[in-house]
Amino acid sequence: MDRMNARVRMQLYGALLLLPAAVLLATFAYLPTIATLINSLFLPGFRGAPTEFVGLENYRLLVEDSTFWRVARNNLIYALGTIPTSIALALAMALFVNARLPGRGFVRMAYFTPTILPMIAAANIWMFFYAPQIGLFNKLLGALGLSGVNWLGDPSVALTSVIVMTVWKEAGFFMIFYLAALQGMPPELREAADLEGTSRWSFFWRVTFPLLMPTTLFVLINALINAVRVVDHLFILTKGGPNNATNLLLYYVYENAFSFFDRTYAATITVVILLVLAIVATVKFSILDRRTHYQ
Amino acid sequence: MSRTTAPLARRPTALRLPGLETLAAWLLAIVWIFPLLYAVWAAFHPPAFMVRFDLFAPLTLDNFANAWAQAPFARYYLNTFLLVTGVVLAQFVVCTLAGFAFARFPIPGKDFLFMLVLIQLFVFPEVLIVENYRIASTLGLVDTITGIGLPYVASAFGIFLLRQTFKTIPRELEDAARIEGCGWMAILLKVYVPLAKPTYLAYGLVSISHHWNNFLWPLVVTNSVESRPLTVGLGVFSAPETGVNWATVSAATLLSIAPLLIAFLLFQRQFVQSFLRSGIR
């Protein structure tokens, strides 16, 4: 009887300890998620209050909205443009810095520093490069006698410019995970390979790269999340323009909610983002963590 | 290829790089640091030297003075400072309690609850800006520093990290404390928290850099100088349509990143280690 009581008391105590976190998570994560799902089934009433239930009407609008498809396509291109490049660069950086290299400390710092800048500051700095008349890139092109490019104003170039900046910002962050993995590799492998006379190239592809696979998957998940979550730089560089050429999903949500005041349509686009994140989460929890148990 | 000495040492066999790779590594490093160096150049020289690289160009602090005079950066600094300290302290308290509960208490359905918490690793406040804005306005938190920080306080990442750390602490220590008459709170504060110091440091650094740099949610939820953090202040100040002079924008950018950048340069190792630990997301 006494023991029962002690156990119930422990449970109660534990629940109380969880309470603050539970309340906050419910308020700012679960409730808004559910509200987003519900709101996507309504049309906005006066002053943006959801009034009229319309079922899947918003989703029909979404499918017919050519801007949405443009934005979704942009986001896909953005992901495909940033992720493999930054992963490859991050791996190269880690290999460089892991080897004996004169001035290694400086090189490592140079690679990593963009990571700790706010995206908004990074965008400001890159604005100096990209600006049409006075930007550094066009000045340099002009000095070579070439005509300038409208880096952010030309719809066929703008998204690439945004991608380049993002790669610069992200690669150093991914580098540290590769670096840690490389430093955890047993040196015996390299020594054995040396005895066998394996070339560095085939050692990398047959030993190092496969052993780094868990790191690559981890970095990939992070990069995928960032590709839908981080749109800060758009506020400075392009505001999604020209003509939506650089608009990304989350920025489109922001525009719909806070510029066009169409909250239910913004909710509908948010559902698409949540779906993408749900897929990423499922992949992470089912494939990546199958071996690592949270115990 | 020469073998390195001391085969017993668990250091990786550092390979000797051929000259070409050294060159590539350095070239990449220069390309990578160049934008920041360029911002420094632009900030410390008169606007006329933005794209004229003259070694003897006159140095000036005017750009900083202009930036400081044209926007309330002192207030932005204060706001960011209050925001970051507030968020980190609140996170420490809330995540410690939750992490402790998950690590040591027999709560029914604990595994399921923990999975629910982990969902927040993917669904962050900035993805839910529309609804979170409505909730913040219902709670009267729009345009307050609390409103910026509160959605981040129950951080799944913090709960996860602290739970993992608490689980590695031997029960014997807990038992010993109990024999000395400690209750649960005393055990938490005297045994668990002190032993988890490295975790707090790592998590604190990651959290500080995240909230110092955060932009989208603060932008949405604030609309006055009194609550705007540095990032939003900088965004408003340097938006291209405001037509502010570039050298001034450059100075303003450096002003906003300086404290974190200097902290990073001084404590590089701790920062990198902390970011590595954040590698569970």
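**Helix packing between the chains**

Analyst: Helix α5 of chain A and helix α12 of chain B are roughly parallel to each other, because their angle falls under the 35 degrees that sets the limit for that description. In this predicted model, the two helices pack at an angle of about 25°, and their axes are 9 Å apart. On the side of α5(A), the contact is formed by A:Ile120, A:Ala121 and A:Asn124; α12(B) contributes B:Thr231, B:Leu234, B:Gly235 and B:Ser238. By class, the residues of this contact comprise three nonpolar, four polar and no charged.

A second pair of helices is arranged in another way. Helix α7 of chain A, residues 158-183, and α14(B) have axes that come within 10 Å and cross at roughly 85°. This angle lies between 65 and 115 degrees, and α7(A) is therefore roughly perpendicular to α14(B).

In total, 78 residues of chain B are in contact with 82 residues of chain A. Several helices of chain B each supply at least two residues to the side that touches chain A, among them α3 (73-104), α10 (197-213), α12 and α14 (268-277). The most is given by α1(B), with 13 residues. Sorted by class, this side of chain B holds 58 nonpolar, 13 polar and seven charged residues.

Chain B has 14 helices and zero strands. Of its 281 residues, 45% are buried. Among contacts in chain B between residues at least 6 apart in sequence, 74% join residues at least 24 apart. For chain A, an unreviewed UniProt entry places the feature "domain: ABC transmembrane type-1" at residues 72-284. Over that stretch, chain A is 75% helix and 0% strand, and the C-alpha atoms at its ends are 22 Å apart.

Conventions: Residues numbered from 1 in each chain as written. Chains lettered and ligands numbered in written order. Predicted model: local features only at pLDDT ≥ 70, side-chain atom pairs only at ≥ 80, totals over all residues. UniProt positions renumbered as here; feature names shortened; annotations may be inferred. Helix = DSSP H or I, 4+ residues; strand = E, 2+ residues; numbered from the N terminus. Axes fitted to C-alpha atoms, helices over the stretch in contact; angles between N-to-C directions. Parallel < 35°, antiparallel > 145°, perpendicular 65-115°, else oblique. Contact = placed C-beta atoms within 7 Å. Nonpolar A, V, L, I, M, F, W, Y, C, P; charged D, E, K, R; others polar. Buried ≥ 20, exposed ≤ 12 C-beta atoms within 10 Å, placed from the backbone.
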